[in-house]
Amino acid sequence: MLQSAIGHHRAGRLADAELLYRRLLVAAPRHFDVVHLAGLVAYQQGRITDAVQLLARAHKLDSRHVVCEMRYALALIAAKRMPEAEVHFRHAVAVKPDFHEGWDNLAYCLKTQNRLLEAIGCHEKVVSIAPSYAVGWYNYGLTLSLSGRPFEALSRHELAIAADHKYALARFGRAQALQQIGRIDEAVLEYERFLALEPRHHEARSYRLFALHYQPDVPREKLFAEHVAFGRLLDPAPRVAFTNPSNPTRRLRIAMLSPDLREHACAYFIEPLLRHLDREQFEIYLYHDHFREDAVSARLKSHAEVWRNFVGQPAALVEKTIRADSPDILIDLAGHTGLNRLPLFARRLAPVQATYLGYPDTTGVPAMDYRFTDAVADPEGIADKFATEQLVRLAGSAWTYAPSADAPEVAPAPCLKHEHVTFGCFNNLAKVTDPMLALWGKILRDLPSSRLRIKGKGFGDATVRQKYEERFARLGLPIDRVDLLEHTAEAKDHLALYGDVDIALDTFPYHGTTTTCEALWMGVPVVTLVGEAHMSRVGASLLGSVGHSEWAANGEAEYVEIAVSLAKDRGAIAVTRAGLRKRMRQSDLLDHGTQAYRFGQALRECWSEWCAKRVPEALVA
């Protein structure tokens, strides 16, 4: 019977294996293999409580079986018992110091506790023990990426490929690292190589879709078609009879799912809405999906009736939990950015599903009903045909912004001190395209004494810096007038750098959002180039919100003209700088109460539409 159970188990027939293991547990409750493998199948099925109990029993039966102890520790992680898991991982590698899989999983355990430096030490142990273990190099690369060290991550993924060219995930890791350092064309090609091997790897498809937004020449029609294709590959939604009462005026349960409910750009925009949403109308459930929880997470928790962290949990368990919570409206805050759960939204976990904030485009997911935006970012009659969702345009702006509490006071205009104007761009380097650099070069040539400051990860490394300088020079930038600033870890240090910037230059085609708000808050005007798609119109929406639509250009020549014109009037720069923070405070962006009311009204309208369309007798269980 045990051999038959193992046969089912190895073939992936977990339900058949489980039935036999249950019978065996009655017949031989102290047989190590029976208890161990029954625990393993429970873990694989997402029955975490059973897995912990069974694997604990198996560990007691043989405390020196390191594979069993490692699996016990993994079940403890799934049960959110991180300190206990760490104890057992450490015991396993103490029993068998060359147990490279144990060291690798210990690194994962430490990573879930945000102890990245210790995790990196474990990864180094793994690859020293087993240099041909491609999985170890790949996981090492992922942790380096999380630590903000993408150039080192790239080298580890390349070592994974060298160790085993058939290990496809190494190509996925390499593509992510290439994307992080702004080598977008190479990243897209690497995603495509990986997807040729793993065509149903939805996470990689999401990363690729996100990367396509950084390429300046992708037609809007092609981008939309790619998102639609993604949606068609997902498992269709099951027919579910939702029991949520279809009363359009009752208090609604709103759930939000995101990996970014922490110190992250997302929090600057979602926290003020949560703080001001009417609790008599809305009950808030927050689903975090990241190992890192911090002071921002604690603040967000305070605005929610229920907080859950789904990090590391299998999709089936997440789906089961959300369905049991029975939200009326489930909101995605990630889109196709990293660590999203869009395949779960495709299975329709709530009567109404919407996407907002985290992604500048349609999701392509057929079961995603709405996307929240505004009339500037997505003009009526134009943008609708490029969205698989129904567009809900919030009055005024789609965004409400809460500046960092650590933001320093606005510094005097640096042009008054230096006798020259300094431009700056602190956007993600992946958004800095070659055509954009060429435009910046023209601006600097038109203003021979001006300077440009560009900030990004990797500029502290001499080799990386040289490569960027060569690229910038090739595109016409006078490199002797360009300052490259390394990434700063703290928000207050990042914002303080605007004290040496007179005018911010937005990127194209993918605008900044957080960076634009930060620049404006620090008194720095932002020049943006308006395009057709949402990602190329966010800047215009934000500038319109603060009453400065004149800084939004409708063509490349006008972009240069606006930047040069602003730079030539240093007195006006100083006046603008002195008053811009006050103007922001008076704008829609910082009118948190009104914006939360508009957001709540939009939620209520979406719910009312569902109630009106619902035909109970047509629902099938």
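Biologist: Is Arg348 buried or exposed in this model?

Modeller: The model is predicted, with local features requiring pLDDT of at least 70 and side-chain atom pairs pLDDT 80 or more, while totals for chains, interfaces and linings use all residues. Residues are numbered from 1 along each chain as its sequence is written, and side-chain values use heavy atoms, without hydrogens or water. Buried means under 20% relative accessible area, exposed over 50%, and partly exposed in between (1.4 Å probe, protein chains only). Because its relative accessible area is 18%, Arg348 is buried.

Biologist: Which backbone oxygen does the side chain of Arg348 reach at 3.0 Å?

Modeller: Arg348 lies in the loop between helix 18 (342-345) and strand 5 (352-355); helices (H or I, at least four residues) and strands (E, at least two) are DSSP runs, numbered from the N terminus. A polar atom of the Arg348 side chain lies 3.3 Å from the backbone oxygen of Ala350. At 3.0 Å, the side chain reaches the backbone oxygen of Pro351.

Biologist: How is helix 6 oriented relative to helix 7, roughly parallel or roughly antiparallel?

Modeller: Helix 6 (residues 82-95) and helix 7 (residues 100-112) pack with their axes 9 Å apart, at an angle of about 160 degrees. Axes are lines fitted to C-alpha atoms, for helices over the stretch in contact (heavy atoms within 4.5 Å), and angles run from 0 to 180 degrees between N-to-C directions. Angles under 35 degrees count as roughly parallel, over 145 as roughly antiparallel, 65 to 115 as roughly perpendicular and the rest as oblique. Helix 6 is therefore, relative to helix 7, roughly antiparallel.

Technical notes: Polar contact = N/O pair within 3.5 Å; in protein donor to acceptor, adjacent residues only side chain to side chain.
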